[in-house]
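Hi,

Here is the structure I promised to pass on.

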Amino acid sequence: MQFTRHFLALSMVTLLSACASTAHQVTMSADSSARNQTHLQRNAAIQQFSLQGRIGVQTNSKGFSGGLQWQHSPTNDNIALFSPLGGQVAQITKSSDQITLTDANGKQISATNAETLTYNALGWSLPLTGLSDWSLGRPSSSPIQASTWDEQGLLTTLNQDGWKIEFSNYTEQNGHWLPGKISLKSDQVNLKLLVENWNNITN
């Protein structure tokens with residue numbers, strides 16, 4: 001796709017390096033474990049949300065940086081990706097049985113999952129199913145390989161589905177503590193999500 005050659009070549013080095021962080025490790029006391037369970041139970045109730053922020057992706061051969069607007073519900077996702085200059089470069093729409101990417105020229109490509117779609121169209125895989133949970137500072141329903149949390153019970157690191165995830169910059173939103181920075185690393189992809197605004201958080 002033409003826009004991928006233009007926008008995915010944009011350097012994301014500054015955002016990726018600026019977002020890099022090391023999770024703060026603490027002793028897992030009984031109190032922090034209890035707080036962690038309370039935190040996870042509260043955030044598990046969230047069914048839909050909207051967020052606005054920035055996303056940075058780096059692979060061995062490709063990179064992308066820009067803005068992100070995401071509306072999520074239990075059955076649908078609508079993600080708009082923007083260039084660093086603010087122009088929309090892609091719209092990703094997910095329903096219960098299909099996911100479609102529309103580029104800036106109106107050309108569409110569809111697949112059955114986000115990982116396949118974004119890899120074919122953009123050259124990197126967006127783990128959309130897991131990311132809808134991870135962006136809220138909670139694990140997905142897949143098996144957890146490892147996790148840590150801070151003294152307040154907030155998730156700081158998570159190993160799941162082949163991704164190593166770090167969470168930081170938590171803020172309280174409608175009674176829920178949500179991370180403002182999510183860093184994901186797999187064997188092929190380094191992805192950073194910076195959340196600037198949360199909206200429409202609904203149980």
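E151 is partly exposed, with a relative accessible area of 30%. Keep in mind that this is a predicted model.

What does E151 pair with? Its side chain meets that of R35 in a salt bridge, at 3.4 Å from N to O. R35 sits in helix 3 (residues 30–44), while E151 is in the loop between strand 7 (144–149) and strand 8, so the pair ties together parts that are 116 residues apart in sequence. R35 is partly exposed too, at 38% relative accessible area.

That is one of 3 salt bridges that a search of the whole structure turns up. Another joins E196 and R54, whose closest N and O atoms are 3.4 Å apart. This pair also links distant parts of the chain, with E196 in strand 13 (residues 190–202) and R54 in strand 1 (residues 48–58), 142 residues apart. E196 is partly exposed at 46% relative accessible area, and R54 counts as partly exposed at 38%.

Then there is the salt bridge between D133 and R138, with the closest N and O atoms 2.7 Å apart. Are these two buried or exposed? Both D133 and R138 are buried.

One more residue to look at is T157, in strand 8 (residues 155–160). T157 has 16% relative accessibility, so it counts as buried, the cut-off being under 20%. Its side chain makes a polar contact with the side chain of T148, at 2.4 Å. The C-alpha atoms of T157 and S168 are separated by 9.2 Å, and the two residues are 11 apart along the chain.

Cheers

Terms used. Residues numbered from 1 in each chain as written. Predicted model: local features only at pLDDT ≥ 70, side-chain atom pairs only at ≥ 80, totals over all residues. Heavy atoms only, no water. Helix = DSSP H or I, 4+ residues; strand = E, 2+ residues; numbered from the N terminus. Buried < 20%, exposed > 50% of the residue type's maximum accessible area, 1.4 Å probe, protein only. Polar contact = N/O pair within 3.5 Å; in protein donor to acceptor, adjacent residues only side chain to side chain. Salt bridge = Lys/Arg side-chain N within 4 Å of Asp/Glu carboxyl O.
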